[in-house]
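Dear colleague,

My notes on it come after, and I would be glad if you read them with the model open.

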Amino acid sequence: MRCTDIYGYWTLVGSHLWLLIQTPIETLYLTPSSFLMRMPTLWVLTLKRYFRSLLPGLILLSCSVLLVPASAATLTIAFGEFKPPYIFGREARGLEVDIFRQALKYKGHSLNVVHIPDSRRYKALADHTLQLDGVATVGVGEDYFYSDDFIVYQNYVITRNEDGHDIARVEDLQGISVVAWQHAWAELGSTFALLFSPNAEGSYRQDYYENPSQRAQVGMFWRKRVDAVVMDRKIFAWLSGEYLGRTDFEEQVTFHPIFARQTAFKAAFVSEQIRNDFNEGLALLRSSGAYGRLVDAYAKERWPRAGR
């Protein structure tokens, strides 16, 4: 409600309070006996006049309050860190962020973006000191309310042509060194998990690495510290262009499409209603074509925006 509306309502209430006391003042001109006889009647009449004239203002006030979406809120959502074009670090933008922002906007919600490393993001909702309403880009669990799939990544195993690696299936990764994002072992299918999941002590096999920074992963690949990197093709292209300062590097690498399908991610929410609001907005984004337009817009964005 606007401040001017509140001022108007209280002005209306004040005028009627004056009306409430005005009639009893008139009784000062009556004789004592007449005053005592007429006092109950005077007060009843005054109260009737007061509430009858105040009623339109109360109705207007109620209607105005009802017009404001009671559930609209500023929601704090945790995203990953720098992985363009999906997330541009501290810029609070990127394909993931904009999809989220637009989906929530349909229900009047606004978005407050925070960034948390992948390894912490999976447990972030349980940390009540963070006061999060949701976490983006997660798999399915049991403790929270999970959205429909809102973003997909097309992950490849990427190798340098000069090394001559022939990789047609996940099992072919045995015997070469590989780097991927944190928790990748749980998101790339059962065979990948069988080969690369951590042991009981939380350690990975000697030739497998998970790094929280996808910039660092690309750097490890181009410095030949690993034989292969597992990454979404768009992220690899963006970060390689930034690292090398040129765009002709794809002639030097092979993208091995060994994963059966795209990797789809959901969002987790602490509130079922907010999850439902997000799903409804996401469906509208897709049906209206706005989702596709966001994807197309970020597909045109290249590495020179880096360095922030």
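At the start of α6, which backbone nitrogen does a side-chain oxygen of Ser213 reach? In this model, which is predicted, that oxygen of Ser213 comes to within 3.4 Å of the backbone nitrogen of Arg215. Helix α6 itself, residues 214-222, is mostly covered, with seven of its nine residues buried, namely Gln214, Gln217, Val218, Gly219, Met220, Phe221 and Trp222. The cover over these buried residues includes the strands β6 (155-160), β7 (178-180), β8 (208-210), β9 (228-232) and β10 (253-256), together with helix α7 (233-244). After α6 comes Lys224, which has a positive phi, near 65°.

As for open space, the largest pocket has a volume of about 340 Å³, and of the 20 residues that line it, Glu187, Leu188, Gly189, Arg261 and Thr263 are the closest to its centre. Both α5 (190-196) and β11 (263-269) supply at least two residues of that lining, although β11 gives the most, with four. By type, the lining of the largest pocket divides into 11 nonpolar, six polar and three charged residues.

With best wishes

Technical notes: Residues are numbered from 1 along each chain as its sequence is written. This is a predicted model: local features need pLDDT of at least 70, side-chain atom pairs count only at pLDDT 80 or more; totals for chains, interfaces and linings use all residues. Side-chain values use heavy atoms; hydrogens and water are left out. On a 1 Å grid over the protein atoms alone, a cavity is a set of points where a 1.4 Å probe fits but cannot get out, and a pocket is an open set with protein on both sides within 12 Å along at least five of seven lines; lining residues have an atom within 4 Å of a point. Grid points are joined across faces, edges and corners, and a volume is the space filled by probe spheres set on the points. Ala, Val, Leu, Ile, Met, Phe, Trp, Tyr, Cys and Pro count as nonpolar, Asp, Glu, Lys and Arg as charged, and the others, Gly among them, as polar. Buried means under 20% relative accessible area, exposed over 50%, partly exposed in between (1.4 Å probe, protein chains only). Contact means heavy atoms within 4.5 Å. A polar contact is a pair of N or O atoms within 3.5 Å; within protein, one must be able to donate a hydrogen and the other to accept it, and residues adjacent in sequence count only if both atoms are side-chain atoms.
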